[in-house]
Amino acid sequence: MPSLILEGGTLRPIFSSGVMDALLDQDLMFPYCIGVSAGISNGFSYISKQKRRNLEIMEKYRNDNRYIGYQNFLRCRSLFGLDFVFGEIPAKLIPFDVEAFQSYNGQLLVGVTNAKTGMPEYINGMDIDEQWTMLRATCALPVFFPAIEMNGSKYYDGGLCDPIPIRKAIADGNDKHLIILTQPKGYAKQFSKKNAVIGKLFKRKYPLLEEILLTRHERYNETVKFCEQLEQEGKAIIIRPEHALDSFEKDINKLRESCQHGYDLAMDNMNDIRKLFA
């Protein structure tokens, strides 16, 4: 069974949205989809078969301070307007097609990081609630977001401990994979002093998060190498941008170009992508 793996990256997954729009145009629906952060959040529009929905959100609201803005810290302790992003937009402004989403008969998993244990957890995306709590959790990067509570536990961004959840997909029995990355080939994440500072800030409340933050770059780089090994073995196709993308891109034209770039690369590789289903 083929899997679709979605990396996060704040606004970089607009590239991934272009790839998924191409899949929709070709009537290719993966029976297994897993991801973290904005990658899997954008993936929900693929599951609901709403082509260009993610781009439309960016076009209309990227530069709306209700979407991203420091004043949101006063409203919800987040750089992003949580109730706007996960409330007004899907419920009213650019409606999410719940009926089409519920007709998906595959497996959809949302990766999150348990703040207390420092371990990854994978939640059934088909159990999404009206508040989109699991998507709030998978996007909850420390400092930029508050910890999100689900079932009595607190969670943060799934990308902290499993940025590209390929091993979970393999463990679940998938043997072929389409892996959508949001960094170009050759990119290597570096140790971040910012993560070290954040780790110390959270050490008292969530002591196991510090080690996760300090080793985040090592885990990411090792996972990318593992994905590339799978590609060499003919078990995976990796689609990633040919140039670096800005995680907080403000230029709407560049966001459109990134989405189109993903679409074009997917179409260039469509024959190989179809073979994953053989």
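This is a predicted model: local features need pLDDT of at least 70, side-chain atom pairs count only at pLDDT 80 or more; totals for chains, interfaces and linings use all residues.
What is the volume of the second largest pocket?

View 1. The volume of the second largest pocket is about 250 Å³. Its lining comprises 13 residues, and those nearest the centre are Phe96, Val98, Asp129, Glu130 and Trp132. Two or more lining residues come from each of helix 5 and helix 6 (98-102), with helix 5 giving the most, 4 residues. By class, the lining of the second largest pocket consists of 9 nonpolar, 2 polar and 2 charged residues.

**View 2. An aromatic cluster that includes Phe96 and Trp132**. Phe44, Phe96, Phe101 and Trp132 together make up one aromatic cluster. Phe96 and Trp132 are also among the residues nearest the centre of the second largest pocket. The structure as a whole contains 12 aromatic pairs.

**View 3. The largest pocket and the helices that line it.** The largest pocket has a volume of about 1,100 Å³. It is lined by 50 residues, of which Gly9, Thr10, Leu11, Ser37 and Ala38 are the closest to its centre. At least two lining residues are supplied by each of helix 2 (37-47), helix 3 (53-61), helix 5 (82-93), helix 9 (193-202) and helix 11 (216-232). Helix 2 gives the most, with 6 residues. The lining of the largest pocket divides into 29 nonpolar, 14 polar and 7 charged residues.

**View 4. Charged side chains over aromatic rings.** The charged end of Arg167 is placed over the ring of Phe226, at 4.1 Å from the ring centre. Lys189 lies over the face of Tyr220, 5.0 Å from the centre of that ring.

Terms used. Residues are numbered from 1 along each chain as its sequence is written. Side-chain values use heavy atoms; hydrogens and water are left out. Rings of Phe, Tyr and Trp (its six-membered ring) pair if their centres lie within 6.5 Å; planes under 30 degrees apart count as stacked, over 60 as edge-to-face and the rest as tilted. A charge sits over a ring if NZ of Lys or CZ of Arg is within 6 Å of the ring centre and within 35 degrees of the ring normal. On a 1 Å grid over the protein atoms alone, a cavity is a set of points where a 1.4 Å probe fits but cannot get out, and a pocket is an open set with protein on both sides within 12 Å along at least five of seven lines; lining residues have an atom within 4 Å of a point. Grid points are joined across faces, edges and corners, and a volume is the space filled by probe spheres set on the points. Ala, Val, Leu, Ile, Met, Phe, Trp, Tyr, Cys and Pro count as nonpolar, Asp, Glu, Lys and Arg as charged, and the others, Gly among them, as polar.
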